[in-house]
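Please consult the sequence and structure shown below while reading.

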Amino acid sequence: MGFIKGLKCRECGREYAVEPIYVCEFCFGPLEVAYDYPKIKKALTRKKIEKREKNLWRYRELLPVDGNPQVGLTSGFTPLIKADNLAGELGIKELYVKDDTVAHPTLSFKDRVVSVALTKAKEFGFDTVACASTGNLAHSVSALGAKAGFNRFIFIPASLEASKIAASLVYGPNLVAVDGNYDDVNRLCSEIANKYNWAFVNINIRPFYAEGSKTHGFEIVEQLGWRAPDNVVVPCASGSLLTKIWKSFKEFREIGIIKKLDTKVFAAQAKGCNPIATAIKNDTDIIVPVKPDTVAKSLAIGNPADGYYAYKCVKDTGGYGEDVTDEEIIDGMKLLAKTEGIFAETAGGVTVAATKKLIESGHIDRNETTVICITGNGLKTQEALHGHMGEPHHINPNLEAFEKVLKKIK
Amino acid sequence: MPVKVRIPTPLQRLTGGKEEVEAKTGTVIEIVNDLDKQYPGIAERISENNKIRRFVNMYVNEEDIRFLQAEATVVKDGDELSIVPAIAGGISQ
């Protein structure tokens, strides 16, 4: 083991030792894990990866842990589905869905980042883990933290859907519902993180936590038969997932796992919270914060921490950003379910609807290979669909009544 | 009446532990450079090539300077200028 060189400021390049820190003392830029790629290149091959168990730790040399994986031993390696029905609807030749609606154990891509964060928290010797969350992260920290034997403090905006709250509480964490939006919760948590010696997965453990997102991208490349797609469409909240998927492709090229890389990266957001898409459309690297108002609550981060880097990544790769209305989001969810049998959360509706617009506007070439990233399960946000679907056919329990309905259906 | 400048904890080592210091009126960037004369080293922590660093937020009377005239925003007598490091992980407005 030992493939990490240290932490490095993304802005000014100052280097730091591997510790639970996340911000540069000098310029306040975010810290990122720096790896010894020549060493990894010697240690990791396609063959070696293929022989390993089908979980996210099959890429462990490119993850920021020193010892053996300790958390999330059944997480990751979700299906990459060739979505021919959806491709037909959207008028595109080759489309794949990377389906994290079935991530284990809590049905969203957050199981990836939390597996890495909690393994690192164990290595650092923490006994308490915590997070600020819009829902999915809360579930994952609650569940994986329970299995790993951590005390857990979970901070959520009080306005979250009831079903998302239940899906945290069942694991028995200390759940704190804060009156305010995600940005308010985050600000409170950074104050708490300063005072208490806890592993806040998305604050002081963030440099390590965020690296877990790369496994979504590594898997895309492996499951496509060791090639990167021409286009990848990623939903954006903080923007971190998008930058890490791009990083995963670059790292695979860096260590020689793939030779060719000219993927265009696309950002998908809701119109009610679109600071990254707006910057891309306006061609400016200044991310103007917004007050979120969208049905896609898991993407409702008005002041995205990685917004600038997501913008830059989209621009550097020749991609684009698109934003969609709540109505388009619901239609996107229904389209994915009807064509591919995948019930995604609202964020998935954002990704499908944005992809549709990107194809229609010509930003995505209909003849190229496109992967869309579906990051969470629709069973968690069923409230969003209330009033937007058909009603069941209500009948008396006799054949005559059924056949009357059947005539109507035909 | 001078401008009041609020200094965040990580920069208070440079101001001798002071949470609040005074500066002459001027644009945001002029004030930053002027502060550096009193408290050497502070300007390079906040700015680079006369641009406020990406992960430093500046507020004039609680309004983010990105919504005003950025570095050229004029800070008048009695105004308050706040320096707030953005934290990686979402920032409150």
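## Helix α5 of chain A

Helix α5 of chain A covers residues 136–147, and its 12 residues should span 16 Å at 1.5 Å a residue; the end C-alpha atoms lie 17 Å apart, which agrees. The expected span is 1.5 Å times one less than the number of residues. Helices (H or I, at least four residues) and strands (E, at least two) are DSSP runs, numbered from the N terminus.

Of the 12 residues in α5(A), 10 are buried, where buried means under 20% relative accessible area, exposed over 50%, and partly exposed in between (1.4 Å probe, protein chains only). Among them are Asn136(A), His139(A), Val141(A), Leu144(A) and Gly145(A). The cover over these buried residues includes α4 (110–124), β6 (128–132), β7 (151–157), α6 (162–169) and α8 (206–209) of chain A, with contact meaning heavy atoms within 4.5 Å. Just after α5(A), Gly149(A) adopts a positive phi of about 80°.

## Basis of the model

The model is predicted: local features need pLDDT of at least 70 and side-chain atom pairs count only at pLDDT 80 or more, whereas totals for chains, interfaces and linings use all residues. Residues are numbered from 1 along each chain as its sequence is written, chains are lettered from A and ligands numbered from 1 in the order in which they are written, and side-chain values use heavy atoms, with hydrogens and water left out.

## Chain A as a whole

Chain A contains 15 helices and 13 strands. A compact globule of 410 residues would have a radius of gyration near 22 Å, and the 21 Å of chain A agrees; this radius is taken over C-alpha atoms, and the globule rule is 2.2 Å times the number of residues to the power 0.38. The C-alpha trace of chain A spans about 75 × 45 × 45 Å along its principal axes.

Within chain A, 60% of the 410 residues count as buried. Among its contacts between residues at least 6 apart in sequence, 69% join residues at least 24 apart.

## Backbone exceptions

Most residues other than glycine have a negative phi, and most peptide bonds are trans. The peptide bond from His104(A) to Pro105(A) is cis, with omega near 5°, and Pro105(A) belongs to the loop between β5 (94–99) and α4 of chain A. Leu107(A) lies in the loop between β5 and α4 as well. Although not a glycine, Leu107(A) has a positive phi of about 65°; its relative accessible area of 31% makes it partly exposed.

Phe77(A), also not a glycine, has a positive phi of about 50°. Its place is the loop between α2 (46–51) and β4 (80–82) of chain A, and at 18% relative accessible area Phe77(A) is buried.

## A buried glutamate

Which residues does Glu219(A) touch? Apart from residues up to four places away in sequence, Glu219(A) touches Leu56(A), Tyr59(A), Gly76(A), Phe77(A), Thr78(A), Lys98(A) and Arg112(A). Glu219(A) sits in helix α9 (residues 214–223) of chain A and is buried, with a relative accessible area of 0%.
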